[in-house]
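Please read the points below with the sequence and the model open side by side.

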Amino acid sequence: MKFTVLFHEFAQSSIQSLISRYGAPKVVVEIGLFEGNTTFNLTQHLASQNPDYKHYAIDPYGESDDLEEEVVESAEKIFKANLEEFAYKDNIEFMQMTSHDALLDLYLKGVKADLIYIDGDHRANAVLEDLVLGYNILNDGGIMLCDDCVAWRHERLQDNPKLAVDAFINCYWDKVAVEQLPNGYQIAIRKL
């Protein structure tokens, strides 16, 4: 397996913390894959313990507002090459489409997730859409883990995932609980 960038350090500690509290998820939906570091590490860990584990990996690998075209193309090639040689590739369903289309597809198929990891398009409107659509396929007690949303990182307000996550939590206040995480870099939202 090849990776040029390791992004999963924060996600790994967050997911380990959530698994220790709520148990291992049987169905994970991941939005935003890059080279697949989180996809493959999480699937290897969970599929080795549960052969029925399912991981829906969503990324359109198209235009990006914050990554250059060559970076996106390289990430796509690396992800697909890694998937071909991955021992648990049958546990992964790669959905090369927008998160909007993929989440609607999963909803229409009746898929219910235990964990949804949101790290795709970082614009607030896209993150809010991922949260709302994701909530509808999340099992009761399931978790949505949101990346890059604790601090205001961009000058334009609408380019910050934090805006969407804060709005979602406020709108769904009586239907969710915000979970404490060890790293202070991500937010976990549990469906009540």
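1. A search of the whole structure finds 1 cavity of 30 Å³ or more, a cavity being a set of points on a 1 Å grid over the protein atoms alone where a 1.4 Å probe fits but cannot get out. The largest cavity holds about 50 Å³ of space, the volume being that filled by probe spheres set on the points, which are joined across faces, edges and corners. Among the residues lining the largest cavity are Asp119, His122, Cys146 and Val165.

2. This is a predicted model, in which local features need pLDDT of at least 70, side-chain atom pairs count only at pLDDT 80 or more, and totals for chains, interfaces and linings use all residues. Residues are numbered from 1 along each chain as its sequence is written, and side-chain values use heavy atoms, with hydrogens and water left out.

3. By the rule that a side-chain nitrogen of Lys or Arg lies within 4 Å of a carboxyl oxygen of Asp or Glu, the count comes to 7 salt bridges. One of them joins Glu179 and Arg21 at 3.0 Å, N to O; Glu179 lies in strand β6 and Arg21 in helix α1, so the pair ties together parts that are 158 residues apart in sequence. Helices (H or I, at least four residues) and strands (E, at least two) are DSSP runs, numbered from the N terminus.

4. Arg190 and Glu179 also meet in a salt bridge, at 2.8 Å, N to O, and salt bridges that share partners join Arg21, Glu179 and Arg190 into one network. Glu179 counts as buried at 10% relative accessibility, whereas Arg21 is partly exposed at 36% (buried means under 20% relative accessible area, exposed over 50%, partly exposed in between, with a 1.4 Å probe and protein chains only).

Notes
On a 1 Å grid over the protein atoms alone, a cavity is a set of points where a 1.4 Å probe fits but cannot get out, and a pocket is an open set with protein on both sides within 12 Å along at least five of seven lines; lining residues have an atom within 4 Å of a point.
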